[in-house]
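Here's a quick tour for anyone meeting this structure for the first time.

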Amino acid sequence: MIRVLLSLCALFSFCANPTLFAQDPQPMAAVSWEIRPDASGDFVHLEMRLPISKGAEQIELRMPYWKPGSYNFSNFEKKLSALTVSNLEGKVFVTESPDPRTWVISPGGARELIVRYQIETSNSARQTQMPAVHLHGPSTFLYTDETLLLPHSLRLSLPDGWSFASGHKQSAESANLVHSINYDEFVDCPMAFGDLESYEFYSHGKKFDVAFFGKMPSEKEFSREDWLSRLKMIVDAGYNLMGEFPFERYVFLYMIGNTRGGWGLEHLNSTTISFNDYFLRQGDLDGFESITSHEFFHLWNVKRIRPKQLGPFDYSTDVHTRDLWWLEGVTSYYQDVLLQRSGLRDNEKNWFWNTQIENLQTLRLSNGYRVLSPETTSWDIWKSKSNLHVSYYDQGQAIGLMLDILIRNHTQNERSLDDVVRFLNRWVNYPNPGYEPGDLERAIFSVTGWNPSSFFNRHIRGNEAFPFAEVLPLAGVDFFDFAAGSPRLGFTLDDSLLLTKVDTSLGDLRIGDQVLTVAGIDIAQKSDIRLAMNEVSAGELISIQVRRDGIEQDLDVELTVGERRRALLQAWPMTHPNALQKQIRESLLATD
């Protein structure tokens, strides 16, 4: 949330007047900007009114090295051109460039400089439509070290018919004037210009703005009303988890186009989400919901719950932290938690547990698993890519699930990871500096009474395999780990024990048959099949008894047990969990 004191309004208005500013005896006051998108949508013109401290002999204009939330070097300066610097009288200054992202100017006693340049942009709309342009702040706005903490204002000069959306604080003076209290918050608001579809809704007294732009599907292909209903369910689930919305207004910017799949980037009171238009036209909303849930939870975890390195930001160098497994991976865990608790996922189909097992399967297939610890993958993200890889997203998601279950088990389900996240949100207390190394462990211990140091040493700082087989049963879930080369029956069945898929090699079995026994072991529930697998070997000839409609007598079918080509993990809710196991499982997934 961008916090602006009402008492500063007069100051912002005052600073926007260059003549008055030139007469101001104070050293520095504010940075004011104007942006003029070209009607073609191919570039934007920018003008920066830059205050200069009295007696400054040299200033350095900089383009950020990176944008927060994206931990890699970006050549933003390559899209910048036509940069000029002048004083209020029109005198043009010579600029020197010690590196591609820095311009050095000698102001010659001027108290204010006018910096003009243009940025190349991408038009995400169709060729026959009004342009739609999206801008990230760090790739657009220059800064000086001396003005990072000063207030920033931005005036919008848009082509006729264009509209605008961002999370900036709008001025009471004009709809085309926005304010921020410093550079960090100024560039933390992405912007969309041009042909926008705009909607709004409210949740718990706070306003949510939604802007779509780009290659939009038709209403028939993608119902806006249906999506807003789904979006509100995600938002409400976030409120139910965290107990507050730390903003007055939140903005979803949805850029729809031919991106590969989708991506998102988090901000204090907004997010940009890019998604493939083909998927929306096909009605495939699962990925759209997942990205939205992930980025929305980031408004707490990353933007407010953050290590010291992630705010205030250093835009001039790579910024390392060992906690990306928590910042991104635990957010991925809560992405699924929010979708489950929102009611958007069907608990009867075991969606939540299947999703967590798919993540663990991905981990197991990564050649960096048990080689690169979560802290190592977090720290080394800025380095050149090596042949070893494992994602801190996947690692952190698995860790989040295990921490949640272990905390619930230790406290007899009186505390959970939810409590730890809520505590961190209050304790870090944005905009104060972020937490220090070791504070995540201390927070877990303080809130729950469970000391996680051994777990951190083994599985976060260390490389030990994640103990899913020990942890998942604590939540009333059976965990099965079938190694490559282990026995495989070649069929699948539903919860009624009816065959839903049968390999063609098993000619005597049919889809719809009800399985009664496997190798003489009674099958009363689906998980019994997995227990029976422990009693047979690949290549063994066994008998399976089935009940088939239209046949009075049950059938005995012989088959040769196959061999599994690759490892397979599965998890299923226990049929008869004990009281604590049942409480943990139900409360973890509860919609209320």
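## A leucine to start with

Leu-497 has a relative accessibility of 7%, so it counts as buried (buried is under 20% relative accessible area, exposed is over 50%, and partly exposed is in between, with a 1.4 Å probe and protein chains only). You'll find Leu-497 in the loop between β22 (491-493) and β23 (499-502). Its phi is near 70 degrees, a positive value in a residue other than glycine.

A word on where this comes from: this is a predicted model, where local features need pLDDT of at least 70 and side-chain atom pairs count only at pLDDT 80 or more, while totals for chains, interfaces and linings use all residues. Residues are numbered from 1 along each chain as its sequence is written, and side-chain values use heavy atoms, with hydrogens and water left out.

## The whole protein

Stepping back, the protein has 16 helices and 29 strands. Both are DSSP runs numbered from the N terminus: helices are H or I with at least four residues, strands are E with at least two. The C-alpha trace spans about 100 × 55 × 45 Å along its principal axes. Of the 592 residues, 55% count as buried.

Among contacts with a separation of 6 or more, residues 24 or more positions apart account for 70% (contact means heavy atoms within 4.5 Å). The protein exposes about 26200 Å², and carbon and sulfur atoms supply 47% of that; the areas come from the Shrake-Rupley method with a 1.4 Å probe, and for residues only the protein chains shown count as cover. As for charge, there are 56 positive and 76 negative side chains, and the centres of the two sets lie 3 Å apart. Here Lys and Arg count as positive and Asp and Glu as negative, with His and the chain ends not counted; each charge is placed at NZ of Lys, CZ of Arg, CG of Asp or CD of Glu.

## A covered strand and its partners

How many residues of strand β19 are buried? In β19 (residues 270-276), seven of the seven are, and the strand is mostly covered. Ser-270, Thr-272, Ser-274 and Asn-276 point one way, while Thr-271, Ile-273 and Phe-275 point the other way.

β19 has strand β17 (residues 249-257) as a parallel partner, joined to it by seven bridges; two strands pair if DSSP finds at least two bridges between them. Val-251 has Ser-270 as its bridge partner in β19. Strand β18 (residues 262-266) runs antiparallel to β19, with five bridges joining them, and Leu-265 stands opposite Thr-272. β18 and β19 form a hairpin, with three residues between them.

## A three-strand sheet

Elsewhere there's an open sheet of three strands in the order β9-β14-β11, with antiparallel pairing. Its edge strands are β9 (132-135) and β11 (163-166), each pairing on one side only. Four bridges join β11 to β14 (residues 191-194), and Phe-164 stands opposite Phe-193 in β14.

## An enclosed helix

Most residues other than glycine have a negative phi, and most peptide bonds are trans. With that in mind, look at Arg-370, a residue other than glycine with a positive phi near 70 degrees. Arg-370 is found in the loop between α8 (351-365) and α9 (374-379). Is Arg-370 buried or exposed? Arg-370 is exposed, with a relative accessible area of 53%.

Which peptide bonds are cis? One runs from Gly-311 to Pro-312, with omega near -5 degrees; Pro-312 has its place in the loop between α6 (286-297) and α7 (324-342). Another joins Tyr-430 and Pro-431, where omega is about 10 degrees. Pro-431 is found in the loop between α11 (417-428) and α12 (439-448).
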